[in-house]
Amino acid sequence: MADPVLANVCARLAARNADLMLVHPESEGDSWDITWSTERGAMADRLRIGNRTILLSDIDSVYLRSLGSHVASIPRERMIVTALWEFAESLPVLVVNRRQASHTNMSKPYQQRLIAQYGFQVPKTLITMVPEEARRFYDDCQGRVIYKSISAERSIVKPLRLEDFPRLEQIRYCPVQLQETIPGTDLRIHTVGGRLFATEVLSDGADYRYAERENKQRTMRAVELEPGLQTRCLNLAKGLGLSLSGIDLRRTPDGAYYCFEVNTSPGFTFFENYTGQRIGDALADLLCAGRA
Amino acid sequence: MILIFADSTDPWATLVHREAQRTGGDVMWVEPLRLLDKILLNWPVVAGEAVIPGSLDIDGRTIPLNDLTGMFARLSFPLRLDLEGLSGADAQYVTKEATAAWLAFLNAMPCPVVNRPMPGGRPTLLSGSPLLAMLVRDHGFLFPASRCTSSQADALQQFRAWGESAYLKPLGSIEPGQFLYSHDGVEQIRRVMEQQAVSIQAIPHGQRVTVYVVGEEVVATVLQPSEDVTQRIEMPSVLSKRCLGLVGDLGLTFAECQFIVTPEGPIYCLDVSSAPGFWCCPQEVQPQIVCRLVEYLSKMRSLSRHDSPNGPDGRPSARERLCETRSPQR
């Protein structure tokens, strides 16, 4: 299994003797199909996935991983992804995570406006295609500006520097996201249902995920958050409709908490392997319990 | 100013543009394919401000965001852009970035946006989630039996089991579905299912009614001819009010709704589409809809209006109820 997160979850579920069904249409060929019925607006008990007929009452929970993480290029692939999303959405059981919640971070500024409603500070942000405005923003922020992707496309967060200015002409062809640089210490908070795992990350790089590649330092350790902050994180995840989330925070030297993003399908094994936090176990417990 | 984003062949956009010009309105039209060529977006992302900073630079004309009175956004997401000359990977990256920027922008503007896009796509099946189904029931509507399938054989079998009468809609489509009958149903199912999975719904016995909503108003209620209705069925007075409530709670400001009013009284809701069909809309109704759209998109509004991202009167609205996608407990 190539995806370490999926492998982790499957292993933890197997250790619990959970009755597990992996749905992977690509491996089942062109004849794969899915069918379900509704009566009075609720899903009927018998449904078919591939060549298996199963009872809805046998499904306790669903974990979606990498569904539609890339743009489906062929019609059949699009049809399968659409049908699976609609199917998961229709299920009256725990779904980690449902469609709309899963997609909030496909647009960081969209999600940022939601985050701001939950008591976190968000960095001053400009989305622009106008080089002059980018330069003005740089000046307004006293030259402390980073740039990063607007979408969920993985990008390395980098500081904007004077030597980048000649390249700013390129933003006339694709919008860019600029943010004021927030000094402080990074925290990655994983929420799993009502449980929370906080990891403090110390790094001298602008983007700790790529510290090694940039010849920077990175250390991580499990930490305990103050109760008020825990509540805010859980409220944020719940408000976004997420049973599993990875919240990116930064604590400033004066004690304020900025939230940059909430990852809706977090690669938690990276943190678990380093700190020993039992995030995969918590997720397996949640899936077995079958409720958010 | 009204800003229209639509293909040059879009009939609703054509008429809205013409009507806005006829009534002396300031209106601009940008084709989605040319979005990146025509518009330079400059948007400081701030929430809850009465005055929106930033601007759009369209063909050299700078339009302050605060001057926008409405946007008629006939865009599909992810955006379809003309990115000729870029490599596949670059084109995909630019598409994702532009989509993310415009999706957030259209959701952030306090002026009316018809209709605001949703990340991941707007739910298209009313019975497609426990939360949506609850919304529909809350407004007093019933659901007919339905079947969702990616199997053509299964869809055909179901169509025959329902006496060769059904409402067909491709999964994920925001456009209205189609009523199938024995003379063309099999052919239509085969055609649609060449590339799409579908939902098919049974059509209860009763009067077919199509309701068009713009803003907070029912613009037209159209009684469709039905072979199985031999006597006139009185339209319940509550239909318009319930329909408006449902459309509003779905976060829509332009919608086509399909109902079946049964002789016994209960009303079935088959569909609420966020992209009303033009060609199936009666000719005498089209101008009414267009006039109402132009009115709706022309008036300066404050942040606290119904279709603001903050909901009616600035309070969290049913839009947020739709965001509340956590799983229900059994």
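Which residue stands opposite B:I58 in β5(B)? The legends below answer this and describe further close-ups. The model is predicted, so local features need pLDDT of at least 70 and side-chain atom pairs count only at pLDDT 80 or more, while totals for chains, interfaces and linings use all residues. Residues are numbered from 1 along each chain as its sequence is written, chains are lettered from A and ligands numbered from 1 in the order in which they are written, and side-chain values use heavy atoms, with hydrogens and water left out.

**View 1. Strands β3, β4 and β5 of chain B pair in turn.** B:R61 in β5(B) stands opposite B:I58. Strands and helices here are DSSP runs, numbered from the N terminus: E of at least two residues for strands, H or I of at least four for helices. Two strands pair if DSSP finds at least two bridges between them. Strand β4 (residues 55-58) of chain B and strand β5 (residues 61-64) of chain B run antiparallel, joined by four bridges. They form a hairpin with two residues between them. In its turn, B:D59 has a positive phi of about 50°. β4(B) also pairs with strand β3 (residues 39-44) of chain B, antiparallel and over four bridges. There, B:S55 in β4(B) is the bridge partner of B:N42.

**View 2. Strands β12 and β13 of chain B form a hairpin.** Strand β12 (residues 207-214) of chain B and strand β13 (residues 217-224) of chain B run antiparallel, with seven bridges joining them. B:V214 has B:E217 in β13(B) as its bridge partner. Two residues lie between the strands, and B:G215 takes a positive phi near 60°.

**View 3. An open sheet of four strands in chain B has parallel pairing.** The order is β2-β1-β6-β7. β2 (27-30) and β7 (113-114) of chain B are the edge strands, each pairing on one side only. Strands of a sheet pair through backbone hydrogen bonds, either parallel or antiparallel. Strand β1 (residues 2-5) of chain B and strand β6 (residues 70-73) of chain B are joined by four bridges and run parallel. B:M71 in β6(B) is the bridge partner of B:L3. Helix α1 (residues 11-22) of chain B lies across β1, β2 and β6 of chain B. It runs at about 155° to β2(B). Angles run from 0 to 180 degrees between N-to-C directions, and axes are lines fitted to C-alpha atoms, for helices over the stretch in contact. Helix α8 (residues 286-298) of chain B lies across β1, β6 and β7 of chain B, at about 135° to β6(B).

**View 4. An open sheet of five strands in chain A has antiparallel pairing.** The order is β13-β12-β11-β14-β15. β13 (218-223) and β15 (257-263) of chain A are the edge strands, and each pairs on one side only. Neighbouring strands are turned by 25° against each other on average, direction ignored. Six bridges link strand β12 (residues 195-203) of chain A with β13(A) in the antiparallel sense. A:M220 in β13(A) stands opposite A:V201. Helix α8 (residues 279-289) of chain A packs on the sheet, touching β11 (185-192), β12 and β14 (244-251) of chain A. Its direction makes about 25° with that of β11(A).

**View 5. Helix α4 of chain A packs with helix α3 of chain B.** Helix α4 (residues 108-115) of chain A and helix α3 (residues 88-108) of chain B meet at an angle of about 40°, their axes 7 Å apart. That makes α4(A) oblique to α3(B). Angles under 35 degrees count as roughly parallel, over 145 as roughly antiparallel, 65 to 115 as roughly perpendicular and the rest as oblique. In α4(A), A:P109, A:Y110 and A:R113 meet B:A100, B:L103, B:A104, B:N107 and B:A108 in α3(B). Contact means heavy atoms within 4.5 Å. By class, this contact has six nonpolar, one polar and one charged residues. Ala, Val, Leu, Ile, Met, Phe, Trp, Tyr, Cys and Pro count as nonpolar, Asp, Glu, Lys and Arg as charged, and the others, Gly among them, as polar.
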